[in-house]
Amino acid sequence: MPHAPVNGIDLYYESHGQGDDVVVFAHGLGGNHLSWWQQLPAFAQSYRCVVFDHRAFGDSPDAPDGPGVGAFVEDLRGLLDHLGVEGAYLVGQSMGGFTVLGFALACPDRARALVMADTIFPYRNNDVRAMMRREGERGRSQPGVMRGAAYSEAYAERDPDGAFLYDAVSRLNPPRPDDFLSGRTLPPSPSEAQIMGLRCPALFVAGSDDPLFPPPVMATVQRMVWGSRLIVAPGAGHSVYWEQPDFFNRVVLDFLARCGR
């Protein structure tokens, strides 16, 4: 199994497909490299696709009392260095936003394009937190909108096999502290000025029924990014890429094709 010795750990990764253009997929809190099984067959026809396990997920251990989320950006930098990849298209789902947006801000010359799927991480301020609470309460008040924090109840009813598989993939991850996404290891929030300074093409993908990052919350950051676009998947919850893979693949592949022109 391929591991890259980066940033004090052995980071698990896989590379699929051929070509000079590289797409990196960064999974969310409920996933690992297996989460992208519905994307790889479509994207690998045109791109070299890199999937990996964030530290503390899948087959990538964190160091004892390690930095957790705070090391995600440097982990990705080390992985791309290990693979000899200078620049890449970046796709981040939920928690993966810490990785891809953080990397695009830290290494602007290496981020060819940015896809923020169901996430505005690592950006957070009091106004955004308040909006997330309001929108989350509104979403949870609607019957059938949410199952846990991963996917919509409607999806679980429509595709129980897919919901079972999502949960099975999530259970492959090792245990982590309850405060993994709220504790001492979180990187600082970027400023509005930093986000407004992004110049790589950017696409935001939201689920209309996502109670964690609903479209109004996603739009707070999307509007800061010059030339970016927000696309909403009707009837999807927090995992558009999993719940509606054909929709997700189509809009992201179209976006990347336009970036490459």
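I will speak about the pocket and then the aromatic residues of this predicted model.

Let me begin with the largest pocket, whose volume is about 690 Å³. Its lining comprises 33 residues, and those nearest the centre are Leu29, Ser94, Phe121, Leu181 and Leu212. By class, 16 of the lining residues are nonpolar, eleven are polar and six are charged. Helices H4 (126-140) and H6 (160-171) each contribute at least two residues to this lining, and H4 provides the largest share, with five.

I turn now to the aromatic residues. Across the whole structure there are 14 aromatic pairs. In one of them, Trp36 and Tyr241 are tilted, at 4.8 Å centre to centre with 45° between the planes. Trp36 lies in the loop between strand E3 (22-26) and helix H1 (40-43), whereas Tyr241 belongs to helix H9, so that the pair links parts of the chain 205 residues apart. Trp36 is buried, because its relative accessibility is 0%; Tyr241, at 2%, is likewise buried.

The rings of Phe121 and Phe213 form an edge-to-face pair, because their planes stand at 80°, with centres 5.1 Å apart. This pair also links distant parts of the chain, 92 residues apart. Phe121 counts as buried at 15% relative accessibility, and Phe213 is buried at 3%.

One aromatic cluster includes Trp36 and Tyr241, along with Phe25, Trp37 and Tyr151 among others.

Finally, two arginines deserve mention. Arg171 lies over the face of Phe164, 6.0 Å from the ring centre, and Arg176 lies over the face of Phe180, at 5.8 Å.

Conventions:
Residues numbered from 1 in each chain as written. Predicted model: local features only at pLDDT ≥ 70, side-chain atom pairs only at ≥ 80, totals over all residues. Heavy atoms only, no water. 1 Å grid on protein atoms, 1.4 Å probe; cavity = no way out; pocket = protein on both sides within 12 Å on 5 of 7 lines; lining within 4 Å. Points joined across faces, edges and corners; volume = space filled by probe spheres on them. Helix = DSSP H or I, 4+ residues; strand = E, 2+ residues; numbered from the N terminus. Nonpolar A, V, L, I, M, F, W, Y, C, P; charged D, E, K, R; others polar. Phe/Tyr/Trp six-rings, centres within 6.5 Å; stacked < 30°, edge-to-face > 60°. Buried < 20%, exposed > 50% of the residue type's maximum accessible area, 1.4 Å probe, protein only. Lys NZ or Arg CZ within 6 Å of the ring centre and 35° of its normal.
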